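Try each task yourself before reading its solution.

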Amino acid sequence: MKAVQFHGFGGPEVLRYEDAPKPQLNSGEVLVRVHAVGLNPPDWYLREGYKMLPPEWQPKVSFPAIPGTDISGVVEAVAQDVGKFSVGDEVYSMVRFPSGLAGESRGYAEYVNVPASELARKPAGIDHVAAAGAPMSLLTAWQFMIELGHNEQNPLQPNRHEPVPLDGRTVLVNGAAGGVGHLALQLAKWKRAHVIAVASGKNEALLRQLGADEFIDYNTTTPEHAVRDVDLVVDAVGGPKTGRFLGTLKRGGALFPIFPLGFSGADEAEQLGVKVSTTQVRSNGAQLEQIGRLIDDGTIRVVIDSTYSLAEARRAHERAAKGHIQGKIVLTVE
């Protein structure tokens, strides 16, 4: 089969479109003929060797490695012990995450093996491109805001992450036009929250279409100076600057940084009476089935920034590196 592999860490230039062994079907798995692949930050974290992580956290990667977790396609074969899926079913998945952090997800390929428990039927109302754009971003928003769906210990904090009530609450979404952000906005609206979207001005029309009640252009307004008494901040950007939103929250409010590394405001949060909580998104086919119904009935819309062929994966990663992505970048597989 054809796949996108890399033989050493580096920038987008290390990605090669080349022949690779077709995966062999194992017990409990489904072989999927991939039609589209969604891009996510862990794809380039893997390609770069997880250099942002402390050395003791960096997974050991074997080369050649195939990046990619989010796929949509058609079932090609089913292991004998799998009864839920049949050849020809249209399906989508976030494959082996975070268990495949070291390159075992292998989504940038014509075929991929998927554990049946991580697979769901593709929402019938959307095409493979939109379906491939959904899994990691939508599961992230869902597990942060709606239902965690697992009991795995979070290595970044001692307590289990717990979503907070949204009905009638005020929710600020930072990075609202990005992959996780535009879906977090829609889930908050589905749960009847008042949503303040923070993004660059070019995204205002889209985000209001998706349900934003208020919009802040971070190029002209500093959101942490303009907003007070928020119940929840979902910071889809995260990182070391996420603590700037603590002052926007009311006592008893919550800050959910999607990318928590670098946060140093724990003492300030405690003084303000604000809960800071994060989690690691995990593959979950049952949740994708549930969320798929919201996609089918139009409650959730997956926005596509751009598409590239599988052979153009390098160009897709170069697009991602430029930032200011509106929705998701997706690879198409012929």
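**Exercise 1.** Find how many cavities of 30 Å³ or more the structure holds, and describe the largest cavity.

*Solution.* Step one: the structure holds 1 cavity of 30 Å³ or more. A cavity here is a set of points, on a 1 Å grid over the protein atoms alone, where a 1.4 Å probe fits but cannot get out. Volume is the space filled by probe spheres set on the points, with grid points joined across faces, edges and corners. This is a predicted model, in which local features need pLDDT of at least 70 and side-chain atom pairs count only at pLDDT 80 or more, while totals for chains, interfaces and linings use all residues. Residues are numbered from 1 along each chain as its sequence is written, and side-chain values use heavy atoms, leaving out hydrogens and water.

Step two: the largest cavity contains about 80 Å³ of space.

Step four: sorted by class, the lining has 7 nonpolar, 5 polar and 1 charged residues. Ala, Val, Leu, Ile, Met, Phe, Trp, Tyr, Cys and Pro count as nonpolar, Asp, Glu, Lys and Arg as charged, and the others, Gly among them, as polar.

**Exercise 2.** Describe how α3 packs with α4.

*Solution.* Step one: helix α3 spans residues 135-145 and helix α4 spans residues 179-190. Helices (H or I, at least four residues) and strands (E, at least two) are DSSP runs, numbered from the N terminus.

Step two: their axes come within 8 Å and cross at roughly 45 degrees. Axes are lines fitted to C-alpha atoms, for helices over the stretch in contact, and angles run from 0 to 180 degrees between N-to-C directions. α3 is therefore oblique to α4; angles under 35 degrees count as roughly parallel, over 145 as roughly antiparallel, 65 to 115 as roughly perpendicular and the rest as oblique.

Step three: S137, L138, T140, A141, W142 and M145 of α3 meet G179, V180, L183, A184, L187, A188 and W190 of α4, where contact means heavy atoms within 4.5 Å. This contact has 10 nonpolar, 3 polar and no charged residues.

**Exercise 3.** At what angle do α3 and α8 pack?

*Solution.* Step one: α3 and helix α8 (residues 285-296) pack at about 100 degrees, with axes 11 Å apart. The two are therefore roughly perpendicular to each other.

Step two: P135, L138, L139, W142 and Q143 of α3 touch Q287, L288, Q290, I291, L294 and I295 of α8. These divide into 8 nonpolar, 3 polar and no charged residues.

Methods
1 Å grid on protein atoms, 1.4 Å probe; cavity = no way out; pocket = protein on both sides within 12 Å on 5 of 7 lines; lining within 4 Å.
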